[in-house]
Amino acid sequence: MALVWIPSLLRDLTGGKATVRVSGRTVAQVIEALEAAYPGIKARLAPEGKLAPGLAVAIDNVVAPLGLRTPVEEESEVRFLPAVGGG
Amino acid sequence: MSHQGTPRAIRGTKRYTVIGTRPPRVDAPDKVTGRAIYGPDVVLPRMAYGKILRSPYAHARIRAIDTSQAEALPGVYAVVTARDLGQTTDRTAQVGESSVSFKFLCDNNLASDKVLYVGHAVAAVAASSPHIAEDALKLIKVDYEPLPPVTDVLEAMREDAPLLHEGMYTESLAGPSEKPSNIASYFQYLKGDPAQGFAEADVILEREFRTATVHQGYLEPHAATAVWSPDGFLTLYTTTQGSFDARAQVAEPLGCPLSKIRVIPTEVGGAFGGKNISYVDVAAALLARKAGRPVKITMSRAEVFLATGPTSGSVIRLKIGAKRDGRLTAAKAELFYEVGAYPGSPVGSGAYCIFASYEIPHGQIDCYDVVVNKPKTGSYRAPGATQATFAMETLIDELAEKLGMDPIELRLRNIAHEGTLLVTGNRHRSIGAEEVLRTTRNHPHYKAPLGGPHRGRGVALGYWGNWGARSSAMINVNEDGTVTLTTGSVDITGTRTSLAMQAAEVLGLPLENIRSTVGDTDVMGYSDSSAGSRTTMATGIAVVEAAKDVITQMKARAAQLWGLPADKVIYERGMFRANTPDGIQEMSFAALARQASAMGGPVRGKGDVNVRRWGGAFGAHIVDVEVDPETGKVHILRYTAVQDVGRAIHPGQIEGQIQGAVAQGIGWALYEGYVYTPQGQMLNPNFLDYKMPTTLDVPPIDVVIVEVPWPEHPFGVRGVGEVPIVPPPAAIANAIYRATGARLTELPMTPERILRSMGVI
Amino acid sequence: MTERVRVSAVINGEPVEFLCEPRQSLLECLRDILGLTGTKEGCNDGNCGACSVLLNGRLVNSCLVLGVEIQGQEVTTIEGLAHWDGLNLLQQAFVAEDALQCGYCTPGMIIAAKALLDREPNPSDERIRAWLAGNLCRCTGYDKIIRAVRSAAAALATPRQEVSK
């Protein structure tokens, strides 16, 4: 099960939990699993079927190149962060 | 007093042949003779000169534009406005790795419905001379409806502030704002429980900091020359850090397929992040198409200040708590960054850096990206980090003093290591923070006597995360055994040389046998902008891959010649060698090259990469200042910069990068800042009143290179160029405090501010 | 069209004739009329030194000189400093000391340094810094530029060295 770090602004939906374990083979599936456990979270993370504007996702500290389609491994750590451009 | 900066390896010393030497820069002969061609130097037959009409208002609606009189002026070939872009609907456009609002991309090139800063482009003219073009600008009639401007970040965040974009709501994971807002986005990082952390602290310090808008200050203004062929193919010579980014930035507004545009990057006269975005290319392309001739637009110095991409001015509220033994228990920061007319400030990378040097159990960072009526910010060397580090490293210094601890000792007590979980939720990989601090503490400068009154010494530690991204390299083997190395990475710092050195090391060839060039968008694979200190590192990885590819192909040719399987051939010090039934066969690279292409086509090695993991780096600076107690003038007496570079490819170039960044940091600390009227007029868009350091303002700068190799680069390279601009304002502020007893929390630290802080005026 | 004036001058040792408008600066004439783009525009108001040239051997900002003013005068630009097949001592010193990065300030910096060394063959570091204070550089922090000028002065002082052209 992947370990998802919940951004503080979403913890109102997870009852304050900062980390959550869910199953999913892609980022999209992970978000679906999060939605099943914490309804409403998908609308904030990925409205309209894409990552929210200005949001990126990192798998094991590497920014995911394929957005929602990025594969997620069994023991991956998933983190949502602002999309930061290069210097 | 200047030190040659002999690289001192702290870990992992390896001996190389080319890596670590100081060959002359390959581009130097053209530059010292005036032969190098920069953007403003391009000349094409029948070329016309373009000029841009710019808004005199910081905020206004455009009711109408009448260009008829300008068009009628003899010598004028064409006039364009946003209407010539013909776009009316908004969508998301793709530029490089970023998604941007299409409307914003077009509007910043030529304003459609509103102007959002003084200098905002409204129309453009092409004429037979730049003087006629300027005369024509005066004949363009724009009917503006002025609107109240807002130019301060905190003012812009108020509920009743004038809105720049009536349809913009705050983007946030908490959900969009209820009402439209100038806060374009808000993000929060949270680790642990800051309230608890502060409750555990013995000492708590809290301050508010302000930094002014500053410009990268490159000497070469933006310039582009556009020329169309009759079949709709555009060639664009332009000053840019990224030819492929420049291509996308023209393709999107013009609605052109990428295959119809060729961007040829000219030699760049300084960039520092400010030339990732193109400011005159779209206008030049539109004019050239309408005029049926090549059009060159070169910005004036005032236009560069008013209408390119300076970095964010900011307000930072910072609170830190620590135990009496110096261990930090909590840290909390609010970063309010001005982004100018359109969203996308470097507040995110500022947040990454503000607490990245230390182990902090409880932390919170609130980041606000706020639009104001100023030019849209661009990247400036470690974007966002200098502002954030000014706040943190002066407060840490204050903490050291409060606890009666040596400033470096306090930092060592909290220093981050590989594996440290940061407040931003990521973990450091291999880093050299501790090595840098220890080297700094052991440097003779740290203990040297100050030698006079009104003098003080300050230190500061800085971090920058660097970048990886996409690069493309190609090595062609010439028939005489020399090679040509081409990459898609624009050279803004000397990377033609540092990349050739890496190729020479792998190929075992002398550097003089390698011609190193930059290819345009027609000949190379996609390359991200030369930014984020990525080029020697990431494009280096592509170059090493290409060099290994060459060796593999050449081994196969040798094997073919000798009737052996390819894995029986070895390559060592310029010679191919194998044990054959007829004894040991060997052949030099050059001899094999002569025959190679006849045997199986040209030998061409390639490397195309997307580097996803790269090493961040730390730098620590020591500075001695003397402050005149009557005038408040600061003299920088001595400066030492220590930095972890992973592996020094060319120590001389590294020294130059660090010295240049320190000079920029000195300007940022003491002299530079945009000065605005409340109506949003910039008062100092020139080099007289926007004071960049001269030879008299910068002392000799001692550079000490530390090497903690980054394990995922073949030679251990970490990005170098941006880290050294991060510590200077904090180090200088700390030195000024020790010299005067005055703690300054606003940049620039002008004589007036220093004297006020000292209570003299 | 504004009436143009015929100007005759000697540029880099060669007689030259051109037509220019009275409002055109020497910088503009060099770059846009004569094709000598080695001299750069950084600010066009005399504050950065990127446009430095020698007018009758004297260091000037060519953006502050009018084209018509050089009638009958001698101008030296960066293009005039070396033979086609080699670099002069100052240029060699800049290369050897790595005293340039982007190179945009370099032509002006070298011309300014030449003006100093033509007058004062053995300047101190302080003197070099004071003389070059009118030439902005944003890339190098000036450290290696000072070294290069010092090194060129030493080379010029050594007997049997070729005098810079």
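1. A helix here is a DSSP run of H or I with at least four residues, a strand is a run of E with at least two, and both are numbered from the N terminus.

2. Before going on, a word about the model. It is a predicted one, where local features need pLDDT of at least 70 and side-chain atom pairs count only at pLDDT 80 or more, while totals for chains, interfaces and linings use all residues. Residues are numbered from 1 along each chain as its sequence is written, and chains are lettered from A and ligands numbered from 1 in the order in which they are written.

3. Where is the kink in α16(B) centred? Look at B:I541, where α16(B) has a kink of about 25° (the bend at a residue is the angle between axes fitted to the seven residues ending there and the seven starting there). After α16(B) comes B:G563, with a positive phi near 65°.

4. How confident is the predictor about chain B? pLDDT is its confidence in each residue, from 0 to 100. Chain B has a mean pLDDT of 95, with 98% of its residues at 70 or more. Do treat residues 1-12 of chain B separately: their pLDDT is below 50, and this stretch has 29 contacts in the model beyond near neighbours in sequence. Two residues are in contact if their C-beta atoms, placed from the backbone, lie within 7 Å.

5. Now the domains, whose bounds come from an automatic or database domain assignment. Chain B has domain 1 (1-13 + 430-462 + 617-761), domain 2 (148-428) and domain 3 (469-611). Between the C-alpha centres of domain 2 and domain 3 of chain B there are 38 Å. In their contact, domain 2 of chain B gives 16 residues and domain 3 of chain B gives 13. On the domain 2 side, α7 (243-254) and β14 (261-265) of chain B are the elements that give two or more residues.

6. Chain C is divided into domain 1 (5-80) and domain 2 (89-157), with C-alpha centres 21 Å apart. Their contact uses 14 residues of domain 1 of chain C and twelve of domain 2 of chain C. Strand β3 (residues 52-55) of chain C gives the most to the domain 1 side, with three residues.
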